[in-house]
Amino acid sequence: MQTRNRYCFTPSQLDAFQDYLDSDMLWERFWGRFESPPCSQEEYAAKCEKKLIDQINRCPKESIEAADKGTAFNAVVDMLNGNPVEPPTVILRNDDRVIVAAINGSTFTFATALCKSVAGRFKGAICQYRCEAPLHTGKGDVTIYGFLDEWVGCKISDIKTTGQYSFGKYSRKWQRHAYPYAVVESGDCTEIQEFEYTVVKLSKPSKKRPVMTGMIFPESYSYNHEQSRQLLQGICEALIDFIECRRHLITDRRIFGEENPPGYVGSPVDIALLM
């Protein structure tokens, strides 16, 4: 009988945990220079912790335009490469000038030339591939799992859309370690050489110029399997300590390798409990 791993983590959960760990640094970056910041460091840390716990509990989220824009753009790229568009994204228009995509009540108009330029980087790619692999740590066994964006040969890519960009923006994100680790460790392939955040800096639409154009910035990292294994072990052990201390606040059992009851829906945690 196969032994079930004790914990199950996604790269998004690792990212949210990293934001929590970095909350003091992020507060300084955003508001350190303000005489009257909108929140204190302690309040910001509590917000990051709430966001992490709500994500772990898979609480329903309000639609965020920036996130929906990225989801819609990814769907357009996959469509241009002959892959089906998954709900809730719907393609409303596709011609030589613009591609219009709708999601969660929002509509986004992208320049076709930009979309084709990004899609051309991933001809023949495996897209939205579910991968998972075990990771042994000193705190227990973990399953790392998730859906990677694009996989071509020995390179995995994650498409990011943003309004502002400087190189290294995604250096502390965990996809670049988790996805290559999962496909190599599981035996899906023997080698990944590179992980790239394919960053698309989009123009801000206006009434005069509603069509979003943009520039592509590849943020690439070489991949070393053993190095990423050690880094993943460290962050996973820290996350295990975090969730074990907060078991009373965690209602989604999947992070503990268990099943939720039928119809489970997470409820947001009261931030007052974290202050």
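With a relative accessible area of 33%, Arg58 is partly exposed. This residue belongs to a predicted model. Arg58 sits in the loop between α3 (41-56) and α4. Its phi is near 55°, a positive value in a residue other than glycine. Most residues other than glycine have a negative phi, and most peptide bonds are trans.

Asn104 also has a positive phi, near 50°, and is a residue other than glycine. Asn104 is placed in the loop between β3 (98-103) and β4 (106-111). Pro88 is located in the loop between α4 (65-80) and β2 (90-94).

The overall fold was considered next. The protein chain contains seven helices and nine strands. Its radius of gyration is 20 Å, close to the 19 Å that the globule rule gives for 275 residues, so the protein chain is as compact as a globular protein of that length. Along the principal axes, the C-alpha atoms of the protein chain fill a box of roughly 55 × 55 × 40 Å. Of the contacts in the protein chain between residues at least 6 apart in sequence, 68% join residues at least 24 apart.

The surface and the charges of the chain were also computed. Of the 275 residues in the protein chain, 47% are buried. The protein chain carries 33 positive and 36 negative side chains. The centres of these two sets lie 7 Å apart.

Helix α6 was examined residue by residue. The helix spans residues 175-185 and is mostly covered, with ten of its eleven residues buried. The buried residues include Gln175, Arg176, Tyr179, Tyr181 and Val184. His177 is another residue of helix α6. Its relative accessibility is 7%, so His177 counts as buried, the cut-off for this class being under 20%. With neighbours within four places in sequence left aside, His177 is in contact with Tyr223, Ser228, Leu231 and Leu232.

Glu185 lies in helix α6 as well. Its relative accessibility is 31%, and Glu185 therefore counts as partly exposed. With neighbours within four places in sequence left aside, Glu185 is in contact with Ala133, Pro134, His225 and Arg229. For one of these residues, Arg229, a polar contact joins its side chain to the side chain of Glu185, at 3.3 Å. Glu185 and Cys131 are 54 residues apart along the chain, and their C-alpha atoms are separated by 10.0 Å. Just after α6, Gly187 takes a positive phi of about 90°.

Notes
Residues are numbered from 1 along each chain as its sequence is written. This is a predicted model: local features need pLDDT of at least 70, side-chain atom pairs count only at pLDDT 80 or more; totals for chains, interfaces and linings use all residues. Side-chain values use heavy atoms; hydrogens and water are left out. Helices (H or I, at least four residues) and strands (E, at least two) are DSSP runs, numbered from the N terminus. The radius of gyration is taken over C-alpha atoms; the globule rule is 2.2 Å times the number of residues to the power 0.38. Buried means under 20% relative accessible area, exposed over 50%, partly exposed in between (1.4 Å probe, protein chains only). Contact means heavy atoms within 4.5 Å. Lys and Arg count as positive and Asp and Glu as negative; His and the chain ends are not counted. The place of a charge is taken as NZ of Lys, CZ of Arg, CG of Asp or CD of Glu. A polar contact is a pair of N or O atoms within 3.5 Å; within protein, one must be able to donate a hydrogen and the other to accept it, and residues adjacent in sequence count only if both atoms are side-chain atoms.
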